[in-house]
Every structure is written in structure tokens, then in C-alpha cells.
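Subject: Structure handover

Hello,

Please find below the structure I said I would pass on. My notes on what was found in it come after.

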Amino acid sequence: MRDAITPALRDRLLTAAEKLLASDITKGRDRGGDGKDGFRGCLNLDGAFLPLLANPAVLPTVVQLLSPNIHLLSAHLIALPSGPPRTIRIPGRHGWHRDMYGVTADLGFPST
């Protein structure tokens, strides 16, 4: 969706992300290969991420497509290095996937 994140919001998000990534916080930290770094549950770590939860430019469309019965499963901050080597998140291994951990136990796989 075009312009769903304004330049001002983008700047606040970038500042919050850089602050978290520079911190010594280990709870929820998700480090991986090739310099990947991030946090699970980033909404709880900095209020700057909260506007992403109910973005007025996005939420009405999501509700129209999925119904108002939607739930946040998780919120991850993922930072990937911009330079080589890059063996994760390449076109052949793009990383897009559907997080379903815990949901299938509650709703069943056909309803997830």
C-alpha cells in the first residue's frame, strides 16, 4: 500500500530499531547467520512500533479482506546486513513465510 508509512513514521521506526539493535538487550534477541539481528516482540520493547499495529492507512483494508476477527501473532524486528556475503534472504531463499506457531493448536490447521 503506497504511503502507508509516512516519512516521519519511517524515521521514528528507524531510530527505535537502531537503538534496540545497538543495545545489550538479550531477551527476545534473534541473531542468526550473515549478521542477521533483531528482536521478537518488538512492540513491547519500544512504543515507536505501536503505530504499525493499527495503521489507519492499512487496517481498514485488512479488516475488509479478513474480517475484524484478526489477532497479532507476533511482531519481529529483523535487520539484515546490506553488503556481501548474503546467503540468507536471497531470491531463491526469500524468507517470506507464514508464522503459525501456536495458532494451529488453538484453531486447527484448516482454520489458520
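Predicted model: local features only at pLDDT ≥ 70, side-chain atom pairs only at ≥ 80, totals over all residues.

As for the overall layout, the protein chain has 4 helices and 2 strands. Along the sequence these elements run α-β-α-α-β-α. The chain has 112 residues, and 20% of them are buried. Of the contacts with a separation of 6 or more, 58% are between residues 24 or more positions apart. The accessible surface is about 8,500 Å², and carbon and sulfur atoms account for 59% of that.

Back to charged residues. Side chains of opposite charge can pair when their charged atoms come close.

Two others involve D37. R29 and D37 form a salt bridge with an N to O distance of 2.7 Å, and both of these residues are buried. R31 also forms a salt bridge with D37, where the closest N and O atoms are 3.5 Å apart. D37 has a relative accessible area of 11%, so it is buried, whereas R31 is exposed at 57%. Through shared partners, R29, R31 and D37 are joined into one salt-bridge network.

Regards

Key
Residues numbered from 1 in each chain as written. Heavy atoms only, no water. Buried < 20%, exposed > 50% of the residue type's maximum accessible area, 1.4 Å probe, protein only. Contact = heavy atoms within 4.5 Å. Areas by Shrake-Rupley, 256 points an atom, 1.4 Å probe, with all protein chains shown as cover. Salt bridge = Lys/Arg side-chain N within 4 Å of Asp/Glu carboxyl O.
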